[in-house]
Amino acid sequence: MRLRAEFTTEPFDLDEPPPHAVAAREAVQGAGLDAVDVGPFGNTVEGAADAVLAALGEVLRTSLASGATRVSVQVNVLGDTGGREA
């Protein structure tokens, strides 16, 4: 199964990325995902279910430890490969 996850960390700072946003960006960029899109108001990652879920766990741990007061996550299933990892 493949997943696409979108997440945001708060509070926002339009002048420069806050430490929690930097921590989240670093967590997904080093996670070996198929696609990573980091933006000022939201981030999107895509890949095999295990990789995406592991990356989201790291995003939650590091961003909360770095000052995030809220993390919003949405996960979508992209497809199924008959029980095999994509």
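How many aromatic pairs does the count come to by the ring-centre rule? The count comes to 1 aromatic pair, where rings of Phe, Tyr and Trp (its six-membered ring) pair if their centres lie within 6.5 Å, with planes under 30 degrees apart counted as stacked, over 60 as edge-to-face and the rest as tilted. The ring centres of phenylalanine 12 and phenylalanine 41 are 5.9 Å apart and the planes stand at 70 degrees, so the pair is edge-to-face. The two residues are 29 apart and the pair links distant parts of the chain, since phenylalanine 12 lies in the loop between strand 1 (2-10) and helix 1 (19-29), and phenylalanine 41 in the loop between strand 2 (35-38) and strand 3 (43-48).

The model is predicted, with pLDDT of at least 70 needed for local features and 80 or more for side-chain atom pairs, while totals for chains, interfaces and linings use all residues. Residues are numbered from 1 along each chain as its sequence is written, and side-chain values use heavy atoms, leaving out hydrogens and water.

Helices (H or I, at least four residues) and strands (E, at least two) are DSSP runs numbered from the N terminus. An open sheet of 4 strands has the order 2-3-1-4 with antiparallel pairing, and its edge strands, strand 2 and strand 4 (70-79), each pair on one side only. The twist averages 15 degrees from one strand to the next. Two strands count as paired if DSSP finds at least two bridges between them, and the pairings are set out here.

| Strand pair | Sense | Bridges |
|---|---|---|
| Strand 1 and strand 3 | antiparallel | 6 bridges |
| Strand 2 and strand 3 | antiparallel | 4 bridges |
| Strand 1 and strand 4 | antiparallel | 9 bridges |

Individual partners can be named: arginine 2 has alanine 48 in strand 3 as its bridge partner, alanine 35 stands opposite glutamate 46 in strand 3, and alanine 5 stands opposite valine 75 in strand 4. Strand 2 and strand 3 form a hairpin with 4 residues between them.

Accessibility is described as buried under 20% relative accessible area, exposed over 50% and partly exposed in between (1.4 Å probe, protein chains only). Strand 3 is mostly covered, with 5 of its 6 residues buried. Alanine 5, in strand 1, counts as buried at 0% relative accessibility. Leaving aside neighbours within four places in sequence, alanine 5 is in contact (heavy atoms within 4.5 Å) with Asn43, Thr44, Val45, Val52, Leu56, Gln74 and Val75.

Axes are lines fitted to C-alpha atoms, for helices over the stretch in contact, and angles run from 0 to 180 degrees between N-to-C directions. Helix 1 lies across strand 1, strand 2 and strand 3, running at about 165 degrees to strand 1. Helix 2 (residues 49-65) packs on the sheet, where helix 2 touches strand 1, strand 3 and strand 4, and its direction makes about 10 degrees with that of strand 1.

The axes of helix 1 and helix 2 come within 8 Å and cross at roughly 155 degrees. The two helices are therefore roughly antiparallel to each other, on a scale where angles under 35 degrees count as roughly parallel, over 145 as roughly antiparallel, 65 to 115 as roughly perpendicular and the rest as oblique.
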